[in-house]
Structures are given as structure tokens and as C-alpha cells.
Amino acid sequence: MKVLVLGGTRFIGPHLVRALVSRDHAVTVFRRGHTRAELPRAVEAIVGDRERDVTALIGRAWDSAIDLSAYTADWVRRTGLILHDRVAHYTFVSSNAVYSDQNLHSWTVEGDAVHDPSVEQLTRLRAYGAGKVAAERAAEELFPGRLLTIRPGWVFGPGNTFPPSTYLAARAARGGEMLVAGDEGAIVQFLDVRDLASWLVLQIEAFATGLHNLAGPVPQATLGDVVGELSRAFGTRVEWVGPEWFIAQPERHTLESLLFWTDQRDDTAETHRAGFLHTMRNDIGRARQAGLVTRPGAETLIDAARWLELELGGVDGQESRSRASLWPRSTEWEHILDVEQSLLSRRGRLRSPR
Ligand SMILES: NC(=O)c1ccc[n+]([C@@H]2O[C@H](COP(=O)([O-])OP(=O)(O)OC[C@H]3O[C@@H](n4cnc5c(N)ncnc54)[C@H](OP(=O)(O)O)[C@@H]3O)[C@@H](O)[C@H]2O)c1
């Protein structure tokens, strides 16, 4: 098949492009050329800007288009008005940020409220969610009957520098005793980018349509399951501390942004527990019925940490490449381990008999 990828060069894009090429599809990427990626040689790259100039798409035709790069209805319309009668199938990559009710226990695609795209939203997350709702609706108007819309939650794996996607495995690989704060029983959801790519390619080959939440791991895992897998993989001992104890520690700021369950919104235990976990409530029944399979969560985290280690030239020592956006740097590691050690000893002192 001839497949157009709108985007394709940052994180999800390169994995998707490689998965398409490995299945012998002819891939064209459309992007500005600001973001560099190592894509297979066979990939055609065309240049344009969804903000202002999309003329490079005129006069071309593809069997399928995958829209990874739109955050607003305008962007979907600008390219969609050219593409709507030039592609047989369209995939819009949306997000679970479309769901407006943060208190629901599970987000389903069947009727859960989404943000109102007509209202000017105040926070960044909501603006992102509202923009995606508007973009989804524009795609529905332009590609009726041949649209696949996916709403992924967190997507992790090689290429993602978001700290919680790399910290736990990178820390477990260092051995010794590791402090993990949070609820062992909390459900965690993150989808391996490679599993997303493989699943999406199969959907595209089948010209599948409809709306799906996407998340992993499948089967569902708790934080305790994933940390247990990491601990066994590296022989690292784990000391669990509950959110209430952790939040009361003055040094917590060093570690909390690396963990799954906090988003630093405020200082109450309840809100911290809600943290990232409120975005890990996707009902993925439909995607599972449509064949979604994933690798174990720990494998995703380990591979993401290994990728980061290679990018940095070794998390332990000298960084051969200086990329400001990448984390962690070796100096930060020293600080993190010091803080962890002092928390572990305080915890130990509290436990030891007087
Ligand atoms: N990562 C997650 O956890 C997650 C979760 C849910 C949903 N998503 C969704 O996944 C999609 C993005 O994933 P990704 O960033 O990894 O995709 P990607 O396709 O790998 O990267 C984004 C692409 O957009 C291109 N681009 C940016 N601005 C552009 C413009 N004005 N005109 C044309 N092209 C432009 C970039 O190239 P240039 O810079 O060279 O233009 C780049 O190729 C987004 O829609 C996001 O909402 C991600």
C-alpha cells in the first residue's frame, strides 16, 4: 500500500514508519523538516507546514493517510481539504486527553464526555484535549465512513524521554535497595510504542474504521506488578513507601516527578494519588477485541531506559552527546541517589526497635 504519514519523525512516527516499511508498504512522510529522524532509505520525505503551506500534497494520492501531527481542527482541514478525495482511508491519532471528566473510574469511547472544543480552555492539558476533540470532529467531517480514530493514553518506549518512562528501569538497573513511592495495587497504563505501531499497521491494512482507546500493558498490570518485574530482572530490592509518608518528606520534590502517581499539582495526598493515575483509566476493550497485544510493561520500561542510556553515552559517566532535553544526566543521578539514600535511612530508623 502507499501510505502517507503526516508527521513521522519524532517519537511514535519513526516506529510507525519502520513498522509500515517492514510490511512492504511504500511510505511518504510530510513534515517541516525541523525534527530529525533516522528513517529507512525507502521512505519518501516531502516538505510542508500544516500552519501555512501544504501545497506539496496537491496532485498526489495514497491508499491510507495517518495523521500524527494535528492538534487543531484547522490543521486537519488544511491538509484534509486536499486529501479527502485522494486517500481511501484516514487515521487520526488523538489522545485520551479528550475526556473531560477526571473523576470517572474508567474512560470508554462509547459516551464519556469529551472537552467542549468551542470553549477557550484555561489549562494546557485542557487546551490540548479540546483541540484534539475539534480535530477529531474535523476528521469525521472530511473522511466519513473511512476514518479510524485512536485515543492513546501514555505511550512509552525507546525514543521517549518523559522521566517516568525511564526512571524506574534505569534505577532498578543500578541495583541495591530502591525506594518506590506509591500504591502497589494501583493500575498503571502505558502502551509500548512498538506495540502501538504493529497494531495500527494491521488496522490500516484491514481498512478498519471506528474509535478506539489505546493503552497497555495487556493484560492489565499494577504498579506492584511492573516494579516486581523490574526488581526480578535486576535483582534489586524494593522498599515501598506509601504516598502519605512520601509526601511528608521535604526532599520528595527530587523524586516525585520521576514516578507514576504524581503530577505535582498541589500538596494534598489525594491529588497526588490522582496524579498520572487519573490518565491511566482507559477502557481498552474495543482495542483488545481488535487484536491489541502488548509485551510486558517492564520490557517497555527497560528498553526505554536502555535507549536513553545509549543516547547519553552511558547514564553512569561521561555523556558523549549533549542533548538538553534528555534526562537523567549523571550529576542528577548523584543527587537522586543521595536523596533516595537519606529517605531510606530515615525510613529504616523509623522501623528499627528502640
Ligand atoms: N507520546 C504520547 O504519550 C502520546 C499519547 C497520546 C497521544 N499522542 C499523540 O501522538 C501524536 C504525536 O506523536 P509524535 O510526536 O511521537 O509523532 P511524530 O509523527 O513522531 O512527530 C510529530 C511530527 O510532526 C511534525 N510537525 C510538527 N509541526 C508540524 C507542522 N507545522 N507541519 C508539518 N509537520 C509538523 C514533526 O516534524 P517537523 O518538526 O520536522 O515538522 C514530526 O514529524 C500526537 O498527535 C499526540 O497527540 C501521543
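This is a predicted model: local features need pLDDT of at least 70, side-chain atom pairs count only at pLDDT 80 or more; totals for chains, interfaces and linings use all residues.
Local features require pLDDT of at least 70 and side-chain atom pairs pLDDT 80 or more, whereas totals for chains, interfaces and linings use all residues. Residues are numbered from 1 along each chain as its sequence is written, and side-chain values use heavy atoms, with hydrogens and water left out.

The shell around the ligand has 29 residues, of which Gly8, Thr9, Ile12, Thr35 and Tyr128 come nearest; a residue belongs there if one of its heavy atoms lies within 4 Å of the ligand. By class, the shell holds 11 nonpolar, 12 polar and 6 charged residues. Here Ala, Val, Leu, Ile, Met, Phe, Trp, Tyr, Cys and Pro count as nonpolar, Asp, Glu, Lys and Arg as charged, and the others, Gly among them, as polar. Helices α1 (12–22) and α3 (124–142) each supply at least two residues of the shell, and α1 gives the most, with 3 residues. Helices (H or I, at least four residues) and strands (E, at least two) are DSSP runs, numbered from the N terminus.

A backbone N or O atom of Ile12 lies 2.6 Å from a ligand oxygen, and one of His34 lies 2.7 Å from a ligand oxygen. For Phe11, a polar backbone atom is 3.0 Å from an oxygen atom of the ligand. The protein covers 91% of the 900 Å² of accessible area that the ligand has on its own, as computed by the Shrake-Rupley method with a 1.4 Å probe.

Helix α5 comprises 13 residues (193–205); at 1.5 Å a residue it should span 18 Å, and because its end C-alpha atoms are 18 Å apart, the geometry agrees. The expected span is 1.5 Å times one less than the number of residues. Among the buried residues of α5 are Leu196, Trp199, Leu200 and Gln203, where buried means under 20% relative accessible area, exposed over 50%, and partly exposed in between (1.4 Å probe, protein chains only).

Most residues other than glycine have a negative phi, and most peptide bonds are trans. Asp24, in the loop between α1 and β2 (26–31), has a positive phi of about 70° and, at 71% relative accessibility, counts as exposed.

The loop between β11 (210–214) and β12 (221–222) contains Pro217, and Pro219 is also placed between β11 and β12. The peptide bond from Gly216 to Pro217 is cis, with omega near -15°; the bond from Val218 to Pro219 is cis, with omega near -5°.

Notes:
A polar contact is a pair of N or O atoms within 3.5 Å; within protein, one must be able to donate a hydrogen and the other to accept it, and residues adjacent in sequence count only if both atoms are side-chain atoms.
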